[in-house]
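This report covers side-chain contacts between charged groups and between aromatic rings. The structure it refers to is shown below.

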Amino acid sequence: MISLVIWVFKFFNLLIFKLKKIMATITAADVNKLRTITGAGMMDCKKALVEAEGDFDLAIENLRKKGQKVAANRSDRESTEGAAIAVINADKTAGVAITLNCETDFVGKNESFVKLATDLANQALNYATKEELLASDFGGITVAEKLIEQTGVIGEKIEVGSFERLEGAFVGSYIHAGKIATLVALSANVAGADEAAKNVAMQAAAMNPIALNEAGVDAAIIEKEIEIAKEQLRAEGKPEAMLENISKGKIQRFYKDNTLVNQDFIKDSSMSVANYIKSVDANLTVTGFKRVALG
């Protein structure tokens, strides 16, 4: 029994000696290098390097495994906070809007989290779908793997939520408080197009239209709105013969309230968005928009 106690004592002394030796060889520069590569906290990086006996590749692998465990444990959590980002390519003919989602507003406002969201949005310019983005290379690993790694670093579920791409003759964007991001495409790159696209993108962020114009509204939605209008008119005692014509008027009001180009322009309610765009250039039109939002 005494010999076993002596053996255990010697074993732990040897282990402590070895750990101290490893820690002595791991410098602050090593820890900072690993932190730069992974984004993990200083203490997590130091611990990973000690456990890996100074092996950088093994330390990175261990941190990623930690991320996988955290991601598995938090897979059923809601991730409704985060950052909404919109970016435009250099010639302003294409843009991407994404949300990088997390669990809390505190993390969503973190500078490093917003930077990651912006980096991912810039990378997304090269891809047509979220799936392509997630499979793409991001510093030697895929974007999907990077998100798992960062889940371990931050301790919250992190995922790319919305992904929207828009192309056109001229594309502009607007981001509202990091929570909503919109893209707008115009028919031509004319004088004043930059400000016009931003203003209409702001409109889309504020008013959340369901479609660009009448043609973009699903027929099922219109049928439902007509039935609702008729029921309201019947309740008001209107004759059945009048319902069709009156309900058509209500549908026109629906288009005005819910389609982007027909909405009252938020900066000047005396004109529609379509008329505002024509005030910039008589031949200019809005050809498309995309909107992403958290929550």
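A salt bridge is counted here when a side-chain nitrogen of Lys or Arg lies within 4 Å of a carboxyl oxygen of Asp or Glu. The model is predicted.

**Salt bridges**

In total, 10 salt bridges are found in the structure. One of them joins E167 and R165, with 3.1 Å from N to O. That pair counts as a salt bridge because 3.1 Å is within 4 Å. The two partners fall in separate accessibility classes: E167 is exposed, at 53% relative accessibility, whereas R165 is partly exposed, at 23%.

Some salt bridges share partners, and in this way E81, D105, K109 and K179 are joined into one network. K179 takes part in a salt bridge with E81, at 3.0 Å from N to O. K179 sits in the loop between β6 (170-176) and β7 (180-186), while E81 belongs to strand β1 (residues 81-88), so this contact ties together parts that are 98 residues apart in sequence.

K179 also forms a salt bridge with D105, where the closest N and O atoms are 2.8 Å apart. Here the loop between β6 and β7 is tied to helix α5 (residues 105-108), which holds D105, so the parts brought together are 74 residues apart in sequence.

How accessible are K179, E81 and D105? K179 has a relative accessibility of 25% and is partly exposed. E81, at 23%, is likewise classed as partly exposed, and D105 is partly exposed with a relative accessible area of 29%.

| Salt bridge | N to O distance |
|---|---|
| K179 and E81 | 3.0 Å |
| K179 and D105 | 2.8 Å |
| E167 and R165 | 3.1 Å |

**Aromatic pairs**

The count of aromatic pairs is 2. One of these is formed by F265 and Y276, whose ring centres are 4.1 Å apart with 10° between the planes, a stacked arrangement. The pair is classed as stacked because the angle of 10° is under 30 degrees.

F265 lies in strand β8 (residues 264-265) and Y276 in helix α12 (residues 273-280); the two residues are 11 apart, and the pair links distant parts of the chain.

Are the residues of this pair buried or exposed? F265 is buried, with a relative accessible area of 4%. Y276 counts as buried too, at 10% relative accessibility.

Methods. Residues numbered from 1 in each chain as written. Predicted model: local features only at pLDDT ≥ 70, side-chain atom pairs only at ≥ 80, totals over all residues. Heavy atoms only, no water. Phe/Tyr/Trp six-rings, centres within 6.5 Å; stacked < 30°, edge-to-face > 60°. Helix = DSSP H or I, 4+ residues; strand = E, 2+ residues; numbered from the N terminus. Buried < 20%, exposed > 50% of the residue type's maximum accessible area, 1.4 Å probe, protein only.
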